[in-house]
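Then follow the text from the whole chain down to single residues.

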Amino acid sequence: FSGAGLSQAPPSSLPGGAEFHRRVYEACLVGAECVAPGLVAPGTVEALCAGHWNVLARLETMLEGSVAGALACLRVPVPNEAQLLSALHLAHAGLHVTVNCDNGIECAYALLAGDAELPDEAPECHRELLPAWRACMPSSPPALHVIRDATACAAEAFDRRPLLVRLHGGIG
């Protein structure tokens, strides 16, 4: 089981839940200031962050399709070591349950299985270590099964391995 800290390490360095919501609020307020200069009260971000609102649901309600842009920042171009370790665990018939909704573990699995390559911006150490990581994978890695939707949580779904369960959904 993993929580929000899994994806925060470099090079993925994704913002955690509270930080992610704060960044979304700040982007919304910058946009509001462009449309209505001077009308956003000082302290608005702090007031919004003090509440427990689902900012993404509210954004989508106000402007259909807007959440896709917010979630784009949760795409992991280069997985970190924790994501690579999770992918290896999964490849060996593992079950991983996470509250993260980014694609870091899936990205790592594809990279280690040879279905993806490192992007140009990957650190040199990743390029040097990738063959050793890949050597730890089974010779024919099984397809990764991912549950991102509570309606897909039928009992028989848990018989599949490797299985990644994303409790809060995912961007895939």
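The tour below starts with the overall build, then visits the strands, a helix, a pocket and one serine.

Keep in mind that this is a predicted model. How confident is the predictor? The mean pLDDT of the protein chain is 84. Of its residues, 93% reach 70 or more. Among the elements, helix α3 (residues 55-62) has the lowest mean pLDDT, 76. Helix α6 (residues 104-113) has the highest, 96.

Now look at the overall build. The protein chain has 7 helices and 3 strands. Read along the sequence, these elements give the pattern α-α-α-α-α-β-α-α-β-β. The C-alpha trace spans about 60 × 45 × 25 Å along its principal axes. There are 172 residues in the chain, and 34% of them are buried. Consider next the contacts with a separation of 6 or more. Residues 24 or more positions apart account for 66% of these contacts.

Next come the strands. Find strand β3, residues 163-166. Which strands does β3 pair with? Strand β1 (residues 95-98) is joined to β3 by 4 bridges, and the two run parallel. Strand β2 (residues 145-147) also runs parallel to β3, and 3 bridges join them. Valine 165 of β3 takes part in both pairings. Valine 165 is the bridge partner of valine 97. It is also the bridge partner of isoleucine 147.

Which way do the residues of β3 point? Leu163 and Val165 point one way, while Leu164 and Arg166 point the other way. In a regular strand, side chains alternate between the two faces of the sheet. In β3, the residues pointing either way are buried, Arg166 included.

Move on to helix α6. Is it mostly covered or mostly open? Helix α6 is mostly covered, with 8 of its 10 residues buried. Those buried residues are Gly104, Ile105, Glu106, Cys107, Ala108, Tyr109, Leu111 and Leu112. What do they pack against? Their partners include the three strands β1, β2 and β3. Helices α5 (81-91) and α7 (124-135) are partners too.

The pocket is lined by 11 residues, and the closest to its centre are Cys28, Val55, Arg58, Leu59 and Met62. Which helix gives the most to this lining? Helix α3 does, with 4 residues. Helices α1 (17-35) and α3 each supply at least two lining residues. By class, the lining has 9 nonpolar residues, 1 polar and 1 charged. Remember that α3 is also the element with the lowest mean pLDDT.

End the tour at serine 13, in the segment before α1. Is serine 13 buried, exposed or partly exposed? Its relative accessibility is 40%, so serine 13 counts as partly exposed. Buried would mean under 20%, and exposed would mean over 50%. Which residues does serine 13 touch, leaving out those up to four places away in sequence? It touches Ser7 and Gln8. Now compare serine 13 with valine 78. They are 65 residues apart in sequence. In space, their C-alpha atoms are 9.7 Å apart.

Definitions and conventions
Residues are numbered from 1 along each chain as its sequence is written. This is a predicted model: local features need pLDDT of at least 70, side-chain atom pairs count only at pLDDT 80 or more; totals for chains, interfaces and linings use all residues. Side-chain values use heavy atoms; hydrogens and water are left out. Buried means under 20% relative accessible area, exposed over 50%, partly exposed in between (1.4 Å probe, protein chains only). Two strands pair if DSSP finds at least two bridges between them. pLDDT is the predictor's confidence in each residue, from 0 to 100. On a 1 Å grid over the protein atoms alone, a cavity is a set of points where a 1.4 Å probe fits but cannot get out, and a pocket is an open set with protein on both sides within 12 Å along at least five of seven lines; lining residues have an atom within 4 Å of a point. Ala, Val, Leu, Ile, Met, Phe, Trp, Tyr, Cys and Pro count as nonpolar, Asp, Glu, Lys and Arg as charged, and the others, Gly among them, as polar. Contact means heavy atoms within 4.5 Å.
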